[in-house]
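Look over the sequence and the model first, then read on.

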Amino acid sequence: MPSVASLLEQGHNQLDWGEYQAALQIFQQAAVLEPENPQIIYGLGITCYSLEQYHESIEYLNQALRIKPNYILALVWRGLVCQQIDQAQQAQADLDQAIALTPQDAFALRGRGIALDVLQRYEEAVASYDQAILQIVRAIRKIIGQSLQNNLKNNLNKRDSQLNPTTKIHKAFISRTQFQIMLMVLTVKRILMIVTAYVIAALSLKKLNYLILSIP
């Protein structure tokens with residue numbers, strides 16, 4: 001049986017691909033395993049929103065917020081749902097509350113950006129999106145760096161295990177030096193790639209902001 005984490009990932013993938021019924025079934029399957037998981041309930045809420053089942057969406061988002069009151073993304077999407085069903089006052093309250101909270105991760109920063117965008121506070125929205133991108137870049141850099149370091153260490157250990165004790169002593173310093181040089185080169189290349197991607201993404205968001213503000 002798939003894990004809850006796997007089902008959550010599958011559900012959001014189906015949402016991204018526009019397969020809303022498939023996403024709904026996956027989130028429902030996950031809810032059977034963990035009925036009080038706010039991430040699963042949130043997934044059901046945004047899926048119902050995508051299916052234009054607005055009242056069901058609000059019920060799920062309310063439930064997610066009862067379990068996790070400061071769930072920024074749930075607040076944002078409940079605000080968006082309220083806009084669809086002409087509950088402007090509640091929509092404004094949810095979006096304002098989402099903006100007032102301090103985001104703890106990239107997803108919350110993205111949610112805050114959506115709220116600011118809806119309220120036409122475009123410069124602040126771009127700044128929030130930029131912060132979300134930066135957090136994602138840092139997380140990717142950390143994961144890639146750890147993976148590269150582990151792989152290189154494993155390869156070096158495997159090679160050293162095949163050497164006799166005398167040779168190991170003479171090779172130890174060279175091995176460490178080679179490892180440090182290789183890791184430094186890879187790190188520099190990786191940082192340049194990540195910085196380039198971040199700059200392109202940031203410029204794209206700022207360009208989008210400029211285009212939106214240019215609309216009469």
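Which are the buried residues of helix 1? They are Val4, Leu7, Leu8, Gly11, Gln14 and Leu15. Buried means under 20% relative accessible area, exposed over 50%, and partly exposed in between, with a 1.4 Å probe and protein chains only.

## Ground rules

This is a predicted model, in which local features need pLDDT of at least 70 and side-chain atom pairs count only at pLDDT 80 or more, while totals for chains, interfaces and linings use all residues. Residues are numbered from 1 along each chain as its sequence is written, and side-chain values use heavy atoms, with hydrogens and water left out.

## The chain as a whole

The protein chain has nine helices and zero strands. Helices (H or I, at least four residues) and strands (E, at least two) are DSSP runs, numbered from the N terminus. Along the sequence the pattern reads α-α-α-α-α-α-α-α-α.

The protein chain has 216 residues, and 35% of them are buried. Contact means heavy atoms within 4.5 Å. Of the contacts with a separation of 6 or more, 51% join residues 24 or more positions apart.

## Helix 1

Helix 1 covers residues 4–16. Its 13 residues should span 18 Å at 1.5 Å a residue, and its end C-alpha atoms are 18 Å apart, which agrees. The expected span is 1.5 Å times one less than the number of residues. Seen down the axis of helix 1, the buried residues fall within an arc of 130°, so they line one face of the helix. The arc is that of the directions from the helix axis to the C-beta atoms.

On the other side of helix 1, Ala5, Glu9 and Asp16 are exposed. The buried residues pack against helix 2 (20–33) and helix 3 (38–50). Gly18 follows helix 1, and its phi is positive, near 80°.

## Helix 1 against helix 2

The axes of helix 1 and helix 2 come within 8 Å and cross at roughly 160°. That makes helix 1 roughly antiparallel to helix 2. Axes are lines fitted to C-alpha atoms, for helices over the stretch in contact, and angles run from 0 to 180 degrees between N-to-C directions. Angles under 35 degrees count as roughly parallel, over 145 as roughly antiparallel, 65 to 115 as roughly perpendicular and the rest as oblique.

Helix 1 passes helix 2 in a left-handed crossing. Among the residues making the contact are Leu7, Gln10 and His12 of helix 1 and Tyr20, Ile26 and Phe27 of helix 2. A crossing is left-handed if the near helix is turned anticlockwise from the far one by less than a right angle, and right-handed if clockwise.

## Leu44 in helix 3

Leu44 lies in helix 3. At 3% relative accessibility, Leu44 counts as buried. Leaving aside residues up to four places away in sequence, Leu44 touches Leu24, Phe27, Gln28, Ala31 and Tyr60. Leu44 and Gly11 are 33 residues apart in sequence, and 9.1 Å apart in space, C-alpha to C-alpha.

The buried residues of helix 6 are Ala91, Asp94, Leu95, Ala98 and Ile99. Seen down the axis of helix 6, they fall within an arc of 135°, so they line one face. Gln89 and Ala100, on the other side, are exposed. The buried residues of helix 6 pack against helix 5 (72–84) and helix 7.

Helix 6 (residues 88–100) and helix 7 (residues 106–118) pack at about 135°, with their axes 9 Å apart. The two are therefore oblique to each other. Leu95, Ala98 and Ile99 in helix 6 meet Arg112, Ala115, Leu116 and Val118 in helix 7.
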